[in-house]
Amino acid sequence: MVVHSLEQALYQVTVKVEGADALLVDDSDKPIRLRSLQAVREMLSVLPIGTVTLRHESPYDEMIGQPVRGQSNALEVPLSLDVYPAPTIH
């Protein structure tokens, strides 16, 4: 499973289904977009998931006019699905 970091606080999730990537969608077939990693963790916490990767691909090279690379500039890190309680303010 891969959590894609699209913008500052916008995430989508893809899963491998029979060897192909499939985007998680809601009941009306619209892509599920979440506004925080905490929301992603809460949504995925009810599913039997092995490993999760957080992936971010930067458009920076394209934005400054650099030539297209032969390889991806994706940053990938393992993501824990542990759901943390909100901090208590006293």
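Me: Leaving aside neighbours within four places in sequence, what is Val52 in contact with?
Reply: Val52 is in contact with Met1, Val3, Val77, Pro78, Leu79 and Leu81, where contact means heavy atoms within 4.5 Å. Bear in mind this is a predicted model, where local features need pLDDT of at least 70, side-chain atom pairs count only at pLDDT 80 or more, and totals for chains, interfaces and linings use all residues. Residues are numbered from 1 along each chain as its sequence is written, and side-chain values use heavy atoms, with hydrogens and water left out.
Me: OK, and which residues make up the largest nonpolar core?
Reply: There are 9 residues in it: Val3, Tyr11, Val13, Leu34, Val40, Leu44, Val52, Leu54 and Leu79. S2 and helix H1 (37-44) each supply at least two residues of this core. A nonpolar core here is a set of buried Ala, Val, Leu, Ile, Met, Phe, Trp, Tyr and Cys residues joined through side-chain atoms within 4.5 Å. Helices (H or I, at least four residues) and strands (E, at least two) are DSSP runs, numbered from the N terminus.
Me: Switching to Thr14, buried or exposed?
Reply: Buried, at a relative accessible area of 12%; the cut-offs are under 20% for buried, over 50% for exposed and partly exposed in between (1.4 Å probe, protein chains only). Thr14 sits in strand S2 (residues 10-17).
Me: Which strand does S1 pair with in the parallel sense?
Reply: S1 (residues 2-7) pairs with S4 (residues 53-56) over 4 bridges, and pairing takes at least two bridges found by DSSP. Val3 has Leu54 as its bridge partner in S4.
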